[in-house]
Amino acid sequence: MTRPFDAIVTGAGISGAAAAYELASGRRVLMLEAESRPGYHSTGRSAALYTPNYGNDVVRALILAGRPFLDRPPAGFAEHPMVKPRGAIAIAGPSESETFEERLALSGPGHEIHEITPEEAIRQVPILRREGIARALFEIDIEDMDVAAIHQGFLTGFRRRGGELVCDARVDRIERRQGRWQIRAGEVAAAAPILINAAGAWADEIAALAGLPPVGLVPKRRTAILVDLPPGSDPARWPALDDCSNEHYFRPDSGTRLMVSPGDETPSPPCDAQPDEMDVAHLVDWLERTTTLQVRRLAHQWAGLRSFVADYSPVVGADPLAEGFYWLAGQGGYGIMLAEPLARGLKGLIESGELPADLLRHGATAAALAPRRAGLAPAT
Ligand SMILES: Cc1cc2nc3c(=O)[nH]c(=O)nc-3n(C[C@H](O)[C@H](O)[C@H](O)COP(=O)(O)OP(=O)(O)OC[C@H]3O[C@@H](n4cnc5c(N)ncnc54)[C@H](O)[C@@H]3O)c2cc1C
């Protein structure tokens, strides 16, 4: 039997969960997730950092629009604060003067970046080696995000609003008939006038199932490792650290562990991404050259996909080629920060064709997010 809904969301990562949560007030919403649990793919593999100076102008506008929600979520959304101060240091070698100046120039009202001495950098992150650091800067506004709590907040709120989540339900057939999207996901059959494509790296595949051309999404693999710090280390107050050209970074993880990433961006088909041995070896080499750590074993290693379109802005809104088909994709390396503002943006576009006033005020526009905007994969 085909069950009727007002909207069906494909994918229960943080993007789909946030959209389902927003849409479920006043609508019957079904969310379908291919895996046995939500968050198995990119959402569960992020660096969990709030970085307001990251991405292009559209992305930065959206990050700022999402800030009030992180500071003051609705009552009952999360038991603890969802963001915590961390700060970040960037170090530059003698040949990285240009990138260093570019980074410093990103400083602005509400997002202060200032130069510090290499000695101060080492005082704050005592494992750093002095050699190789020509200059250093400090960004105060970088914060840790509790990704699991934010994701869980959306999922719990969605259920409280009457929404239904079905896991182990990979959408494998999509047809538009009699003004509704008819969806099959294994044994599940459902129909709704609105379909939200929040399938992360698989969003172009969902479009293909619906007979639509791709937007040109490119999933890019990023590797990460966890290493133990020596006994006696107290990294809780260390800032995150990166090497200015944005190629490598680390941040304290829980307890006395460090999460380290090479900042790789290797194009990949949509898949259960796995770390590449060579990437891990290069990363350990960088870590041992940059810090006094000797890495004997890895506590954990993983990889995840960050999916981008050609202009690196997200893809959000109605597809003009198919009534009732909405995109929520291309969140790249910012999808945790953007989950709430994009979900509200999508709701606004569905209900009135406009983004909410606060997103517009920050400089985001529907045109900059539109699925068939110029410069993305041509509609064939
Ligand atoms: C190493 C790394 C570091 C990152 N660091 C940060 C960071 O510090 N800050 C930040 O904001 N962002 C960061 N990101 C980016 C962020 O993790 C992603 O942008 C975000 O998780 C994307 O969420 P999503 O819901 O769109 O995708 P996903 O979490 O991948 O969810 C998509 C879901 O769709 C499901 N799906 C796919 N096909 C189907 C189908 N046919 N039927 C049903 N379900 C389907 C998948 O199973 C998946 O669960 C990082 C990413 C990586 C990999």
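Tutor: A residue is buried under 20% relative accessible area, exposed over 50%, and partly exposed in between (1.4 Å probe, protein chains only). The model is predicted, so local features need pLDDT of at least 70 and side-chain atom pairs pLDDT 80 or more, while totals for chains, interfaces and linings use all residues. Residues are numbered from 1 along each chain as its sequence is written, and side-chain values use heavy atoms, with hydrogens and water left out.

Student: Why is Q178 called exposed?

Tutor: Q178 has a relative accessible area of 75%; exposed requires over 50%, so Q178 is exposed.

Student: What makes A48 buried?

Tutor: The relative accessible area of A48 is 12%, and the limit for buried is under 20%; therefore A48 is buried.

Student: What is the phi of A48?

Tutor: Phi of A48 is near 60 degrees, a positive value in a residue other than glycine. Q178, also not a glycine, has a positive phi of about 50 degrees. Most residues other than glycine have a negative phi.

Student: Why is the ligand said to lie between two domains?

Tutor: Domain 1 (3-69 + 147-217 + 311-369) and domain 2 (88-140 + 218-308) both give residues to the shell around the ligand, so the ligand lies between them. The bounds come from an automatic or database domain assignment.
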